[in-house]
Amino acid sequence: MSRFLSQRFSTLTAYTPGEQPKIKNIIKRNTNELPYPPSEAVSAAVKESSENLNRYCDIGCTRLREALGANLKVAPEKIIMTNGSDEILNFAFMAYGDKPFAFPDISYGFYTVFCALHKIAYEEIPLNDELGINPEDYIGIGKNIVIANPNAPTGLALPLSDIERIVASNPDNIVIIDEAYIDFGGESAIGLIDRYENLMVTRTFSKSFALAGARLGFGIANEKLIADMDLIKFSTNPYNVNSLTQAAGLAAVETADYYMSCCDKIKETRAYTASALRELGFKVIGEDANFLFASSDKISGEELLTKLRERAIIVRHFSAERIKNYNRITIGTREQMETLIKSIKEIIS
Ligand code: PMP
């Protein structure tokens, strides 16, 4: 770092995104992307929108919020669009950071980074021995809460009744439910936003809507919380969602059936992969997201990662002590997963 960097950032450790390797013919299953391309409508919409790039984009993302609201049965006023869901999460940490945050010790790695960035106190609550969230740990905790549901990298979802108990028992704190993977399993908390003024749900187009590269996410909450988010947005970057991405998102929502059929294929392939891994003696944790979290007594997590990489298959490994024997495997096409299983068989035999 330079000697000019502000003191308050001098000890900051940034988030490490999953690798985007440039190797040809790679089976890239490390960052939870959909293996299928966006719908044809998306590229046509982006092309058309590109003709107006001389103009600033719509700061309200009006058409996109209207289409999304209709799709999710939520009033557009209760939605804010952001540059990936990382941005809505960042806004929320920034807006509500006067109070400490609580979240699971094993979850999305950005939560601790946002706390460090905004100097927010936080408590990491240990997952149970089966790497699940114990809802009782969050009942009446009196801190702001962030829970990824389904959680990552475990792939386990909490039932909606538990989420509701957590939200209801912390009325003076914000509860953020990060639903990045909800289209692959679990029950959404969107239906609760009118009942609980302290609830915000965040979502992304990066996973189930195959738009990771376009950077599109959103938050859903009552108008007051959305006004808080708008305050931060308009104080940082009013044009946070560019016009190409707005066009891509709108076309994606309009062709939602295509994406839901992609999600169905992922769920089928996930079931195949989980049972094939179990047949090979692996312990497989959750089956609610578009990835599996798997470990084996026959090979360490790190060795499996390296050996798969030699075969041009990239999965995600985390070095935290409790999960270092696991790898997170994003579900790909059936063909990709058959190749993965075949490779693992060769590696461990
Ligand atoms: N939440 C969770 C749980 C995630 O795994 C991710 C993906 N890295 C995100 C949020 C952010 O995704 P994006 O910014 O691409 O919407």
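Modeller: Two residues are in contact when heavy atoms of theirs lie within 4.5 Å. This is a predicted model, in which local features need pLDDT of at least 70 and side-chain atom pairs count only at pLDDT 80 or more, while totals for chains, interfaces and linings use all residues. Residues are numbered from 1 along each chain as its sequence is written, and side-chain values use heavy atoms, without hydrogens and water.

Colleague: Which residues does Phe205 contact, leaving aside its neighbours within four places in sequence?

Modeller: Phe205 is among the residues with the most contacts inside the largest nonpolar core, a core being a set of buried Ala, Val, Leu, Ile, Met, Phe, Trp, Tyr and Cys residues joined through side-chain atoms within 4.5 Å. With sequence neighbours within four places set aside, its contacts are Leu68, Met81, Ala210, Leu211, Ala212, Leu216, Phe218, Gly249, Ala252 and Val253.

Colleague: Is Asn30 buried or exposed?

Modeller: Asn30 lies in the loop between β1 (27-28) and α1 (40-50). It touches Gly18, Glu19, Ile314, Val315, Arg316, Arg328 and Thr330, residues up to four places away in sequence not being counted. Buried means under 20% relative accessible area, exposed over 50% and partly exposed in between, with a 1.4 Å probe and protein chains only. At a relative accessible area of 1%, Asn30 is therefore buried.

Colleague: From which residue does a backbone oxygen lie 2.8 Å from a polar atom of the side chain of Gln246?

Modeller: Gln246 is in helix α7 (residues 243-254) and counts as buried at 10% relative accessibility. Beyond four places in sequence, its contacts are Cys57, Asp58, Cys61, Leu64 and Val241. The backbone oxygen at 2.8 Å from its side chain belongs to Asp58.

Colleague: How are the rings of Phe93 and Phe114 arranged?

Modeller: Rings of Phe, Tyr and Trp (its six-membered ring) pair if their centres lie within 6.5 Å; planes under 30 degrees apart are stacked, over 60 edge-to-face and the rest tilted. This rule gives 17 aromatic pairs. Phe93 and Phe114 have ring centres 5.5 Å apart and planes at 35°, so the pair is tilted.

Colleague: Which helices hold Phe93 and Phe114?

Modeller: Both residues are buried, and both belong to an aromatic cluster that includes Tyr15, Phe101 and Tyr122. They are 21 residues apart and link distant parts of the chain, Phe93 from residues 84-96 and Phe114 from residues 110-117, that is, helices α3 and α4.

Colleague: Which residue has a polar side-chain atom 2.6 Å from a nitrogen atom of the ligand?

Modeller: The residues around the ligand (a heavy atom within 4 Å) include Gly84, Tyr108, Thr204, Lys207 and Arg215. Ligand oxygen atoms are 2.7 Å from a polar backbone atom of Ser85 and 3.0 Å from one of Asp86. The side-chain atom at 2.6 Å from a ligand nitrogen belongs to Asp178.

Colleague: Over which ring does the charged end of Arg334 sit?

Modeller: A charge sits over a ring if NZ of Lys or CZ of Arg is within 6 Å of the ring centre and within 35 degrees of the ring normal. Arg328 meets this over Phe291, 5.6 Å from the ring centre. Arg334, at 3.8 Å from the ring centre, sits over Tyr272.

Note on methods. Helices (H or I, at least four residues) and strands (E, at least two) are DSSP runs, numbered from the N terminus. A polar contact is a pair of N or O atoms within 3.5 Å; within protein, one must be able to donate a hydrogen and the other to accept it, and residues adjacent in sequence count only if both atoms are side-chain atoms.
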